[in-house]
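Have the structure open and follow along.

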Amino acid sequence: METVCAQMAEWVDMLTELNLSVAINVSMRELANPLFAEKVLRVVEAHDVDPQRIKIEISESTIPLDRARMLDALQEFQALGFRLSLDDFGTGYSSLLHLQKIALDELKIDRCFISQLGLDEKNDTLVDAIIAMAFSFGIDLIAEGVENEDQSLWLRTMGCDVQQGFLFGAAMSAERAEELMARVGNRAT
């Protein structure tokens with residue numbers, strides 16, 4: 001968290017100009033700690049980072065059956081101004097319950113569904129339903145694991161414009177990300 005916030009402080013102008021945020025994966029063990037949100041807020045404030053630029057990302061497959069503490073922690077993060085993202089959507093045990101109980105800002109469709117687009121009619125119908133459901137809840141949507149133009153086109157046709165995966169690039173260093181943001185920022189002006 002310290003490293004991410006320090007980097008965000010260096011990038012504050014580019015993040016604001018390009019309206020970007022950073023997702024930080026948080027484990028259930030961290031959410032179980034009642035002091036975790038307060039600790040994160042102290043780090044964010046120490047670096048003068050806007051909590052709205054940080055997405056607290058949890059993986060659906062790791063959500064425990066006893067969700068009371070997790071729900072409290074997520075509500076605490078939201079009250080502090082952080083955004084909430086649910087990763088690996090569709091791979092857990094109670095996906096629809098999560099949509100009902102957690103005021104999510106973002107949903108990430110798991111790559112296992114994206115990899116089968118155009119190959120399996122049932123899968124296509126399921127992805128279409130996930131997209132429609134997210135939109136009806138007013139939740140931002142990201143498709144993970146987009147690896148080819150056909151997948152990207154299918155998703156764009158269904159209204160899912162935010163995509164990530166090897167089609168667009170591999171994971172990169174902070175230096176490379178900064179170069180990319182600078183290049184995109186120069187094009188926007």
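## Aromatic pairs

This is a predicted model, and it holds 2 aromatic pairs. Start with Phe36 and Phe77: their ring centres sit 5.8 Å apart with the planes at 70°, so this pair is edge-to-face, since anything over 60 degrees counts that way. The two residues come from distant parts of the chain, 41 residues apart, with Phe36 in helix H4 (residues 36-46) and Phe77 in helix H5 (residues 68-79).

## The nonpolar core

Phe77 turns up again in the largest nonpolar core, which has 50 residues. Which members touch the most other members? They are Leu31, Ile54, Phe77, Leu107 and Leu155. Helix H4 gives the largest share of this core, with 6 residues. As background, nonpolar side chains tend to be buried together in soluble globular proteins.

Take Leu107 as a case to click on. Skipping residues up to four places away in sequence, Leu107 touches Leu86, Phe89, Leu99, Ile130, Ala134, Ile139, Asp140, Leu141 and Ile142.

## Cysteines

How many disulfides does a search of the whole structure find? The count is 0. For Cys112, the closest cysteine sulfur belongs to Cys160 and lies 14 Å away, too far for a bond, because a disulfide needs the sulfurs within 2.5 Å.

Cys112 is partly exposed, with a relative accessible area of 37%, whereas Cys5 is buried at 0%.

## A glycine in helix H10

Last stop: Gly185, which is located in helix H10 (residues 174-188). With 6% relative accessibility, Gly185 counts as buried, because the cut-off for buried is under 20%.

What does Gly185 contact once neighbours within four places in sequence are left aside? Its partners are Glu17 and Leu18. As for Pro51, it is 134 residues away from Gly185 along the chain, and the C-alpha atoms of the two are separated by 22 Å.

Methods: Residues numbered from 1 in each chain as written. Predicted model: local features only at pLDDT ≥ 70, side-chain atom pairs only at ≥ 80, totals over all residues. Heavy atoms only, no water. Phe/Tyr/Trp six-rings, centres within 6.5 Å; stacked < 30°, edge-to-face > 60°. Helix = DSSP H or I, 4+ residues; strand = E, 2+ residues; numbered from the N terminus. Buried < 20%, exposed > 50% of the residue type's maximum accessible area, 1.4 Å probe, protein only. Core = buried A, V, L, I, M, F, W, Y, C linked by side-chain atoms within 4.5 Å. Contact = heavy atoms within 4.5 Å.
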